[in-house]
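Please have the sequence and the 3D view open side by side as you read. We will take a short walk together, stopping at a handful of places.

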Amino acid sequence: MSIIIDSGRVAEHNAQLRAGLDADYEALGGMLARRGVDIEHLTEAAQRFAVALPSWGVGTGGTRFARFPGRGEPRNVFEKLDDCAVIHQLTRATPGVSLHFPWDKTTDARALRQQAEAHGLYFDAVNSNTFQDQVDQQHSYKYGSLTATSAATRAQAVAHNIECIELGKALGSKALTVWVGDGANFPGQHNLRGALERYLDSMRDIYAALPADWLLFIEHKLFEPAFYATTIADWGTSFACAQTLGDKARCLVDLGHHAPNTNIEMIVARLAQFGKLGGFHFNDSKYGDDDLDSGSINPFQLFLVFNELADAAQRDGAAFKPAYMLDQSHNVTDPIESLMSSAVEVQRAFVQAQLVDRVALRAHQEANDALQAAQTLKQAYRTDVSAILAMARVRNDGAIDPVACYRHSGYRARVAEARPAKAGASSSGIV
């Protein structure tokens, strides 16, 4: 595997911190042993955990009004892969990369796949884009894409999604994520039932183009840019569409696409129960679709989501394999640092969920002991598993402190010289 940051620097970084980590790991192991938990079992689980990176996330994101480019941001998909390789090299938890077309479209899919493999990366689900018009596009998506009243516009949107499938096949991907911003901003703007009928007709054509071993992820979003009625606005509509389309259609849950205080973990439980949970876009939110760093606002909710995932895995076994991906927008941080931090926080919630004493929890639930049931979850959540995460990284040749190691490496300064800012050259895709 080719490396971006010199492995000697990573080894030097780890050597400076290893004594402290060993002491913390031993202390945590002793505490967990008194609770009947084997720390090595948890560390091995952490070593196996993986969450995919969004290719567009390594570029500077934007607010809804402006975009403020950062130094050395990638100008094309090949440079995005280099940044993703740095994140995985230091965290050892992000081997997958999710591409977004046409932002990441290339005429040399073979070279792109070879570069990914050289970095020890693979391509996760591919994403289509019918929520903004592209250069030389014949029909506008201003009034809808897969739900447009114009048959020609719908056909164009379907053709783009099928093109994404073909590009994904060449890259080794196994899933297509479809999110549409279609909807209405005024009552009466469109027929609510008719719009969903047109959506399903379009999605049937896309579904028919899927290879036998692919999945189709349907992503819902409460609002924006359709502020009166979004066609695929909630998990119920997503679930109904997935049921209608067939076994290969699943529901994707973006943690930011809900009203404030929505019980997202219950949505996860429902979708898992009925076999329609496809995967996640992890981020965090304070008000609406904020795309904040994962775990930055409500880490307890993230833990509760993984608690439901741990329960589903125990119930359904190896067949339960939801896809995990980060999806966040950066404006005031180095996006590489934010993605590394988010990957660690998602991994943290995963490990904490493994700490839940499910035998005790079930007993409290059956005894209707609400307080002790809640305390059982809180005990797992309050356990600081940082030493487990760091040890997992060390054993996988990553960095004890990924952000500190990254900053010490000087990577951002080097790519800033190699990637001089140029108007219109950014490949972030956002704003």
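This is a predicted model: local features need pLDDT of at least 70, side-chain atom pairs count only at pLDDT 80 or more; totals for chains, interfaces and linings use all residues.

Let us begin with the strands. Three of them make up an open sheet, arranged in the order S1-S2-S3, and their pairing is parallel. Strand S1 (53-54) and strand S3 (122-123) are the edge strands: each has a single partner strand, so one side of each has no neighbour in the sheet. If you look at strand S2, residues 96-98, you can follow its parallel pairing with S3 over two bridges. To find your place there, pick out valine 97, whose bridge partner in S3 is phenylalanine 123.

Next, turn to the helices. Two packed helices are described by the angle between their axes and the distance between the axes. For H10 and helix H14 (residues 402-409), the angle is about 160° and the axes lie 9 Å apart. Angles over 145 degrees count as roughly antiparallel, and therefore H10 is roughly antiparallel to H14. The crossing of H10 past H14 is right-handed. On the H10 side, Ile336, Glu337, Met340 and Ser341 make the contact, while H14 brings in Pro402, Val403, Tyr406 and Arg407. Sorted by class, this contact of H10 with H14 has five nonpolar residues, one polar residue and two charged residues.

Is arginine 348 buried or exposed? Its relative accessible area is 17%, and buried means under 20%, so arginine 348 counts as buried. Which residues does arginine 348 touch, once its neighbours within four places in sequence are left aside? They are Asp384, Val385, Ser386 and Leu389.

Our last stop is threonine 149, found in the loop between strand S4 (126-127) and helix H5 (151-171). Threonine 149 has a relative accessible area of 67%; the cut-off for exposed is over 50%, so this threonine 149 is exposed. Even so, threonine 149 has contacts beyond its neighbours within four places in sequence, namely with Arg154 and Arg198.

Note on methods
Residues are numbered from 1 along each chain as its sequence is written. Side-chain values use heavy atoms; hydrogens and water are left out. Helices (H or I, at least four residues) and strands (E, at least two) are DSSP runs, numbered from the N terminus. Buried means under 20% relative accessible area, exposed over 50%, partly exposed in between (1.4 Å probe, protein chains only). Contact means heavy atoms within 4.5 Å. Two strands pair if DSSP finds at least two bridges between them. Axes are lines fitted to C-alpha atoms, for helices over the stretch in contact, and angles run from 0 to 180 degrees between N-to-C directions. Angles under 35 degrees count as roughly parallel, over 145 as roughly antiparallel, 65 to 115 as roughly perpendicular and the rest as oblique. A crossing is left-handed if the near helix is turned anticlockwise from the far one by less than a right angle, and right-handed if clockwise. Ala, Val, Leu, Ile, Met, Phe, Trp, Tyr, Cys and Pro count as nonpolar, Asp, Glu, Lys and Arg as charged, and the others, Gly among them, as polar.
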